[in-house]
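Thanks for coming. Please have the structure open.

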Amino acid sequence: MSWWFAVVSAWGAPDIDEPVKTGASAPGDAALVVGIEDYFLLPDVPHADRDANAFRGFLRYTRGVPEARLRTLGKGANREQILAAVTELAPTVASDGVLWVYFAGHGAADPASGERVLLGADTQADQATFQARAVKLSEL
């Protein structure tokens, strides 16, 4: 048994889902957190909801992003909702701020162009629908 395993066993492993509360403040930041675990026509992404919630906690409590400028999308999130949230949040970011976009779900490369894309919950595997429903990173 390694010494690290013995220490963790004695005191318990830290809860990585519980954000570190730093008291930091990032009033110029805004964030969109997307966690899509259940896809309509593609394989599901286990733990995407949990990952998104953990990152949201980091943004809020460790980074200090104001609650009023944090948006979360989950089950059923699609192209239009993702782009609308970015469009809504972008003007709220200060000149020294950051617009955070965190996505837990399927990502891919567009088969025609090779461009990286995020896949909303309603994306389908056929090429025409795939291209119409995916969110290109260049759009963000």
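Valine 135 sits in strand E6, residues 134-136; helices (H or I, at least four residues) and strands (E, at least two) are DSSP runs, numbered from the N terminus. The model is predicted, so to speak of local features we need pLDDT of at least 70, side-chain atom pairs count only at pLDDT 80 or more, and totals for chains, interfaces and linings use all residues. Residues are numbered from 1 along each chain as its sequence is written, and side-chain values use heavy atoms, with hydrogens and water left out.

Is valine 135 buried or exposed? Valine 135 is buried, because its relative accessible area is 0%; buried means under 20%, exposed over 50%, and partly exposed in between, with a 1.4 Å probe and protein chains only. Leaving out residues up to four places away in sequence, valine 135 touches Arg79, Ile82, Leu83, Arg116, Val117, Leu118 and Leu140. Contact here means heavy atoms within 4.5 Å. Valine 117 is 18 residues away in sequence, with 5.3 Å between the C-alpha atoms.

Next, isoleucine 36, in the loop between strand E1 (30-35) and helix H2 (48-63). Isoleucine 36 is also at 0% relative accessibility, so it counts as buried. Its contacts, again beyond four places in sequence, include Val45, Gly74, Phe103 and Leu119. Glycine 74 is 38 residues apart from isoleucine 36 along the chain, and their C-alpha atoms are separated by 5.2 Å.

Last, histidine 47, in the loop between E1 and H2. Histidine 47 counts as exposed because its relative accessibility is 51%. What is its phi? Histidine 47 has a positive phi of about 75°, although it is not a glycine. Most residues other than glycine have a negative phi.
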